[in-house]
Amino acid sequence: MKKSSSYAAGRLIGSIVMGMLSIWGALALWFQIPGGMTLRALAVGLWCALAVVSLALWWRARRARMMLPWLAAMGLLAAWWSAILPSHQRVWADDVARMAGGRLKGDIVTLDQVRNFDWRSDSDYTQRWEARNYDLAQLRSVDVALSYWMGPAIAHTLVSFGFADGRYLTFSIEIRKERGESFSAIPGLFKRYEAVLVAADERDILRVRTNVRDEDMYLYRVRMSPQAMRSLFLAYLDEGERLKRAPRFYNTLTANCTTIVFEMARRIDPGLPLDWRLLASGYLDRYLYGIGALAGGGDFAALRHAAHITAKARAADQDGDFSARIRR
């Protein structure tokens, strides 16, 4: 009796694991099988039928060997999945067509691909990619921008560096969209998008989100020492060079606009704590407040109210003094 109960418990656990792997396999096939919807639906249908039949036979015959066809198919699926590799060779959307990279000589950083688009709409814009020099000895501030586009739990994270001459350079880890492609969270779990580092002028990269894409944005000053600011800036350059040397998939949960920044920051301060709000990026500001990383006094509600810049950004629009106006 005891042996029978243990076997039943083992089958139940095995069935749950099999069910989860089958769901993962179905989604992997759906988002990665090339071809039209008919071919994808056929592949997913056959996969699900194999899983259901195998599971039913296992429970009915009570013999583990009934699972061998499904296990063999799972092995083939895993081998196919591991062969899907990221690439630099695709037809990219204009705003992510070039990758940020730079050279450091003393305190002077030379960036050869700073984006400075003039956006009129999401599909109507003037492209500008500029070479710029920045003096790290004149680095004065670091700001974190959270741009909300899908409810309160999800935000895109951007980091902006301010210099004594009034210029701001913003770094953003994004999906490297192919032309005509748009982001969706679930496909982002299944090797659908590569990652790219964009370095851009604030009037481009913040304004396109607030004024063109109607996102809601908060901008927070981060409390950092000059050495830590410099280290984070250089960490972005290193990340850009890594991505240029070896493409990497963007992952909605594990390798996104927030977690990659956290990885860089943790190389500077290994003591930064892990937290669920690093995954629910819309609450990143609460995480930063909790570890004492946000500058300014008062409680969190007051800081958040002061950080809300959407209306200021829309009013500033194409003003050359955009960065100063959103901070007044």
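Modeller: Buried means under 20% relative accessible area, exposed means over 50%, and partly exposed lies in between (1.4 Å probe, protein chains only). The model is predicted, so local features need pLDDT of at least 70 and side-chain atom pairs pLDDT 80 or more, while totals for chains, interfaces and linings use all residues. Residues are numbered from 1 along each chain as its sequence is written, and side-chain values use heavy atoms, without hydrogens or water.

Phe183 is partly exposed, at 26% relative accessible area. Tyr193 is buried, at 2%.

Now the helices. Helix H2 covers residues 37-61 and helix H3 residues 68-82. Helices (H or I, at least four residues) and strands (E, at least two) are DSSP runs, numbered from the N terminus. The axes of H2 and H3 come within 9 Å and cross at roughly 145°. Such axes are lines fitted to C-alpha atoms, for helices over the stretch in contact, with angles from 0 to 180 degrees between N-to-C directions. On the H2 side, Trp47, Leu50, Ala51 and Ser54 make the contact (heavy atoms within 4.5 Å). They meet Pro69, Trp70, Ala73, Met74 and Leu77 of H3. By class, this contact has eight nonpolar residues, one polar and no charged. Nonpolar here covers Ala, Val, Leu, Ile, Met, Phe, Trp, Tyr, Cys and Pro; charged covers Asp, Glu, Lys and Arg; the others, Gly among them, are polar.

Next, the rings themselves. The whole structure holds 22 aromatic pairs. Rings of Phe, Tyr and Trp (its six-membered ring) pair if their centres lie within 6.5 Å; planes under 30 degrees apart are stacked, over 60 edge-to-face, the rest tilted. Trp47 and Trp70 have ring centres 6.2 Å apart and planes at 40°, so this pair is tilted. The pair links distant parts of the chain, with Trp47 in H2 and Trp70 in H3, 23 residues apart. Trp47 is buried, at 7%. Trp70 is buried too, at 3%.

Back to Phe183 and Tyr193. Their ring centres are 5.4 Å apart and their planes at 45°, so this pair is tilted. Both lie in the loop between strand E8 (168-176) and strand E9 (194-201), so the pair ties together parts 10 residues apart in sequence.

One cluster stands on its own list: Tyr134, Phe161, Phe163, Phe171, Phe233 and Tyr236.

Last, charges over rings. Arg40 lies over the face of Trp30, at 4.4 Å from the ring centre. Arg304 lies over the face of Tyr218, at 3.9 Å. The cut-offs are NZ of Lys or CZ of Arg within 6 Å of the ring centre and within 35 degrees of the ring normal.
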